[in-house]
Amino acid sequence: MTRTSVVTGVASGIGMATANLLKARGERVIGVDLHDAEVNADLSTPDGLEQMVSAVTEVSGGAIDAIYAIAGVAHDTSLAVKVNYFGMTGTLIGLRPLLLSSSAPRAQAIASMASLNPVDQELVDDMLAGDRHAAIARADAVAGSNLIYGSTKQAFARWIRRNAATPDWAGASIPLNAVAPGVIRTPMTKDLISTDEATKELLQIVPMPLNGVAEPTVVAELLSWLGSPANTHLCGQVVFVDGGSDVVMRGDSTW
């Protein structure tokens, strides 16, 4: 039977690569993005999330097999909080009921190796508390600090860990996991790797000793396995596909 998957951020980058891979494998893909998608929605707002869930419910007939929450931004502003944390968690929570009739439901999302970078702890705590108003206010207060993006990714990775083994996810036989990419060649990183010199400078900050900057398909391949029926027991993992950044930065620590 053909699987139906929802992919957010489908208009470019990892989202587009993932959708293309799933389609090539014969899956039906319901793409979500701000534009150029089957479902156009702004996931940075509660209204946009609600509209997305309603539209996906309608076009899917109320049943899906997998969620690929990929849409994100690299802004050092409160927009990152709205999209990378509340947009991500809102997508997973909002679409979860549509997975319940699947014989092999799966949910996976994008974190980042940036979760290992310095963060603003107050901002992380506000996000994990689910306090959207406080988190946005805190992000506005520390805008320009270069701490917001990493904070959103750390908070989201911790949300994955906190929720994966709960009755709503593992208890419903839904593996919930995330992938943490390093530097990927996408529109989001275009300006950062526009020249050899710029790329070399970035890789001093984000070390990727294994093959350097990756193509979006590298992440898509891992996501597609996580979302497949073959993945029956991976639970609450944040899998780093970062060319070795995690290893270089954390050494032999596994947590």
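This is a predicted model: local features need pLDDT of at least 70, side-chain atom pairs count only at pLDDT 80 or more; totals for chains, interfaces and linings use all residues.

Visitor: Which residues other than glycine have a positive phi here, and are they buried or exposed?

Guide: Most residues other than glycine have a negative phi. D36, although not a glycine, has a positive phi of about 55 degrees, and D36 sits in the loop between strand 2 (28-33) and strand 3 (39-40). S173 is another non-glycine with a positive phi, of about 60 degrees, and S173 lies in the loop between helix 6 and strand 6 (176-181). As for burial, the word buried means under 20% relative accessible area, exposed means over 50%, and partly exposed is in between (1.4 Å probe, protein chains only). D36 counts as exposed because its relative accessibility is 68%, and S173 is exposed too, with a relative accessible area of 53%.

Visitor: Which residues of helix 4 are buried, and which helices do they pack against?

Guide: In helix 4 (residues 121-128), the buried residues are L123, V124, D126, M127 and L128. Packing is read from contact, which means heavy atoms within 4.5 Å. The buried residues of helix 4 pack against helix 3 (78-99), helix 5 (132-141) and helix 6 (148-163).

Visitor: How many aromatic pairs does the structure hold, and how are their rings arranged?

Guide: Rings of Phe, Tyr and Trp (its six-membered ring) pair if their centres lie within 6.5 Å; planes under 30 degrees apart count as stacked, over 60 as edge-to-face and the rest as tilted. The structure holds two such pairs. The ring centres of Y85 and F86 are 5.0 Å apart and their planes stand at 85 degrees, so this pair is edge-to-face. Y85 counts as buried because its relative accessibility is 3%, and F86 counts as buried at 10%. The other pair, F156 and W159, is stacked, at 6.1 Å centre to centre with 10 degrees between the planes. Because F156 and W159 are three residues apart in helix 6, about one helical turn separates them, and both are buried.

Visitor: How many salt bridges are found, and which of them link distant parts of the chain?

Guide: A salt bridge is a side-chain nitrogen of Lys or Arg within 4 Å of a carboxyl oxygen of Asp or Glu. A search of the whole structure finds seven. One of them joins the side chains of E221 and R25 (3.0 Å, N to O), and this pair links distant parts of the chain, with E221 in helix 8 (residues 216-226) and R25 in the loop between helix 1 and strand 2, 196 residues apart. Another joins R96 and D168 (3.9 Å, N to O), with R96 in helix 3 and D168 in the loop between helix 6 and strand 6, 72 residues apart. R96 is buried, with a relative accessible area of 17%, whereas D168 counts as partly exposed at 43% relative accessibility. R138 also forms a salt bridge with D120, the closest N and O atoms being 2.8 Å apart; R138 is in helix 5, and D120 is in the loop between strand 5 (106-110) and helix 4, 18 residues apart. D120 is buried, with a relative accessible area of 9%, while R138 counts as partly exposed at 23%. Salt bridges that share partners join D120, E122 and R138 into one network.

Visitor: Where is A19 found, and which residues is it in contact with beyond its neighbours within four places in sequence?

Guide: A19 is found in helix 1, and A19 counts as buried because its relative accessibility is 2%. Leaving aside neighbours within four places in sequence, A19 is in contact with V10 and V29.

Terms used. Residues are numbered from 1 along each chain as its sequence is written. Side-chain values use heavy atoms; hydrogens and water are left out. Helices (H or I, at least four residues) and strands (E, at least two) are DSSP runs, numbered from the N terminus.
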